[in-house]
Amino acid sequence: MTMLAFLCRRIAAGTMLVLAVMVSVFVLTKLAPGDPVSAMVGTYPAPPEYRDQIIEKYGLEESIAAQLLEYMRNLITLDLGYSFVNSAEVSDVVLSRLPAT
């Protein structure tokens with residue numbers, strides 16, 4: 001076996017592992033109990049129009065396959081979303097704390 005064949009096999013295996021982890025995280029998130037809209041709104045009685053705006057904004061009306069493709073596209077482009085806790089982009093929060101590691 002040549003070194004090139006070995007490297008190609010390792011890269012292919014690594015790529016498959018990363019894809020499997022991405023899909024697993026997405027599926028586990030979808031299987032988690034609770035409704036993401038209710039988690040965002042909280043205990044306040046929100047009007048249906050507001051709930052519909054949240055559903056549309058985050059693409060929750062899309063099919064699971066479309067949501068998975070969007071999730072993977074965002075991860076590949078390093079668009080990690082928005083942190084409601086820190087009121088900032090997640091990638092900015094991660095980068096600001098990276099030197100501490």
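In this predicted model, helix α1 (residues 3–31) packs against helix α4 (residues 64–76) at an angle of about 125°, and their axes lie 11 Å apart. The two helices are therefore oblique to each other, and their crossing is right-handed. On the α1 side, the contact involves Leu19, Met22, Val23, Val25, Phe26 and Lys30, which meet Ile64, Gln67, Leu68, Tyr71, Met72, Leu75 and Ile76 of α4. Sorted by class, the residues of this contact comprise 11 nonpolar, 1 polar and 1 charged.

A polar atom of the glutamine 67 side chain sits 2.9 Å from the backbone oxygen of glutamate 62. With neighbours within four places in sequence set aside, the contacts of glutamine 67 are Phe26, Lys30, Gly59, Leu60 and Glu62. Of these, Phe26 and Lys30 are also among the α1 residues that meet α4.

One of the partners of glutamine 67 is Leu60, which brings the loop between α3 (48–57) and α4 into the picture. Leucine 60 has a relative accessible area of 27% and is therefore partly exposed. Apart from residues up to four places away in sequence, leucine 60 touches Lys30, Pro36, Val37, Ile55 and Gln67. Leucine 7, by comparison, is 53 residues from leucine 60 along the chain, and the C-alpha atoms of the two are separated by 40 Å.

Note on methods
Residues numbered from 1 in each chain as written. Predicted model: local features only at pLDDT ≥ 70, side-chain atom pairs only at ≥ 80, totals over all residues. Heavy atoms only, no water. Axes fitted to C-alpha atoms, helices over the stretch in contact; angles between N-to-C directions. Helix = DSSP H or I, 4+ residues; strand = E, 2+ residues; numbered from the N terminus. Parallel < 35°, antiparallel > 145°, perpendicular 65-115°, else oblique. Left-handed = near helix turned anticlockwise from the far one by under 90°. Contact = heavy atoms within 4.5 Å. Nonpolar A, V, L, I, M, F, W, Y, C, P; charged D, E, K, R; others polar. Polar contact = N/O pair within 3.5 Å; in protein donor to acceptor, adjacent residues only side chain to side chain. Buried < 20%, exposed > 50% of the residue type's maximum accessible area, 1.4 Å probe, protein only.
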